[in-house]
Amino acid sequence: MTDELNKVLAKARRTNFGKVTEEEKEELTGLSKKRPQDLELIKDGSRSKVGSYQLKSGREVILKYYYPTHIIKKLRNRLTGSRCQRSWIAANGFLHLGIPTPRPLAIAEFHQLGLFNSMSF
């Protein structure tokens with residue numbers, strides 16, 4: 001079980017998209033760059049936003065946006081992986097283990113001067 005889980009987690013580290021159509025992939029890429037105005041907010045925190053959104057295909061998705069604010073956190077994220085990346089990998093691992101969790105669809109991270117500026121999951 002451990003070897004199989006390690007393979008799933010390694011694959012999650014190398015991929016940016018789950019099971020989505022090309023149209024959904026394109027739409028999710030656009031949504032990762034700018035939070036939609038009609039996002040139904042579930043969490044409106046100072047460093048993250050989580051909301052429900054319906055894609056053009058009709059698929060209901062949960063979008064998570066992370067905004068690291070302090071330079072120390074940006075540096076740590078560069079070394080240990082961002083909060084977004086850790087969530088992506090954990091969600092894939094939970095699914096593999098049979099733990100109920102929303103299916104991860106996409107991850108996008110944006111860098112400025114080599115540090116994480118914003119992240120979407």
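Two strands count as paired if DSSP finds at least two bridges between them. In this predicted model, strand E2 (residues 48-54) and strand E3 (residues 60-66) are joined by seven bridges and run antiparallel. Within this pairing, serine 48 stands opposite tyrosine 66 in E3. The hairpin of E2 and E3 has five residues between the strands, and here glycine 58 takes a positive phi near 95°.

On to the other partner of E2. Strand E1 (residues 40-44) is also antiparallel to E2, with four bridges joining the two, and these strands form a hairpin with three residues between them. E2 itself is mostly covered, as six of its seven residues are buried.

Side chains of opposite charge can pair when their charged atoms come close. The structure holds three salt bridges. Aspartate 44 is exposed, at 54% relative accessible area, whereas lysine 49, at 15%, is buried.

Helix H2 (residues 22-33) contains both glutamate 22 and lysine 25, three residues apart, or about one turn of the helix. Their side chains meet in a salt bridge (3.7 Å, N to O). Glutamate 22 counts as exposed at 55% relative accessibility, while lysine 25 is partly exposed at 27%.

Arginine 59 forms a salt bridge with glutamate 24, with 2.9 Å between the closest N and O atoms. This pair links distant parts of the chain, since arginine 59 sits in the loop between E2 and E3 and glutamate 24 in helix H2, 35 residues apart. Glutamate 24 counts as buried at 6% relative accessibility, and arginine 59 is partly exposed at 29%.

Note on methods. Residues numbered from 1 in each chain as written. Predicted model: local features only at pLDDT ≥ 70, side-chain atom pairs only at ≥ 80, totals over all residues. Heavy atoms only, no water. Buried < 20%, exposed > 50% of the residue type's maximum accessible area, 1.4 Å probe, protein only. Salt bridge = Lys/Arg side-chain N within 4 Å of Asp/Glu carboxyl O.
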